[in-house]
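The sequence and structure are shown first.

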Amino acid sequence: MVPDEYLNEGQFGCGDLFHKREKKNGKWKERYWLLISCDCDCIDHSSQDATTGGGADVALLPASIVSNSALKKRTVFNPAYGFDQPKDRAYLFPVNGGKGLCLLFSKMAMKSINSLLADGYERIGRVCAPYITDVRQRNAQWLQREGFPKIPVEAVR
């Protein structure tokens with residue numbers, strides 16, 4: 001993962017990982033979103049400055065930290081063949097200080113990056129190839145238009 005300090009501020013792309021830490025019911029909870037839209041979809045064409053993608057709706061995957069106890073279960077990790085990755089999820093290791101994340105494709109959401117930032121999330125880095133490529137290809141059935149241009153809103157009202 002490339003840390004955020006090495007990325008251009010305001011330019012978003014596929015593999016960007018957003019993080020938020022919040023306290024609920026006296027316990028700290030960490031929330032993550034992984035941007036999986038094509039880089040061309042991250043450009044906000046309605047903006048005067050086409051280099052920023054904050055207002056464009058992009059595909060985001062929610063992610064949660066894989067606990068050590070979950071790693072010990074054979075339903076998550078089998079020493080003989082590695083991670084068991086069902087069709088609705090994928091695992092990323094190591095990100096954000098060596099943590100492992102479980103990505104849930106069945107809960108993919110379309111949101112703008114501006115709304116994420118307004119909710120208190122911050123970009124902590126970018127997951128690079130081949131890891132982001134593996135995540136996208138493994139669950140391509142959830143990415144129904146990978147590699148195709150955006151359809152103008154005016155064409156589909």
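Helix α3 spans residues 131-138, and I132, V135 and R136 are buried in it. Their directions cover an arc of only 95° around the axis, so these residues lie on the same side of α3; the arc is taken from the directions that run from the helix axis to the C-beta atoms. An α-helix has 3.6 residues a turn, so residues three or four places apart point the same way. On the other side of α3, Y131 and Q137 are exposed. Buried denotes under 20% relative accessible area, exposed over 50%, and partly exposed the range in between (1.4 Å probe, protein chains only). Helices (H or I, at least four residues) and strands (E, at least two) are DSSP runs numbered from the N terminus.

The model is predicted: local features need pLDDT of at least 70, side-chain atom pairs count only at pLDDT 80 or more, and totals for chains, interfaces and linings use all residues. Residues are numbered from 1 along each chain as its sequence is written, and side-chain values use heavy atoms, with hydrogens and water left out.

The buried residues of α3 pack against β3 (27-35), β4 (57-65), β7 (89-95) and β8 (99-104), where contact means heavy atoms within 4.5 Å. V135 touches L61, A90, L92, L103 and F105, not counting residues up to four places away in sequence.

## Nonpolar cores

A nonpolar core is a set of buried Ala, Val, Leu, Ile, Met, Phe, Trp, Tyr and Cys residues joined through side-chain atoms within 4.5 Å. The largest has 18 residues, and L17, L34, I36, L103 and V135 have the most contacts inside it. At least two residues of this core come from each of β3, β4, β7, β8 and α3. A second, separate core of eleven residues includes W33, C42, V58 and A109.

R123, in strand β10 (residues 122-126), is buried, with a relative accessible area of 8%. Two approaches of its side chain are tabulated.

| Side chain | Partner | Distance |
|---|---|---|
| R123 | side chain of D16 (polar contact) | 3.1 Å |

Among the residues that R123 touches are F12 and F18, both of which are buried. The structure holds one aromatic pair. The ring centres of F12 and F18 are 6.1 Å apart and the planes stand at 35°, so the pair is tilted.

How values were computed. Phe/Tyr/Trp six-rings, centres within 6.5 Å; stacked < 30°, edge-to-face > 60°. Polar contact = N/O pair within 3.5 Å; in protein donor to acceptor, adjacent residues only side chain to side chain.
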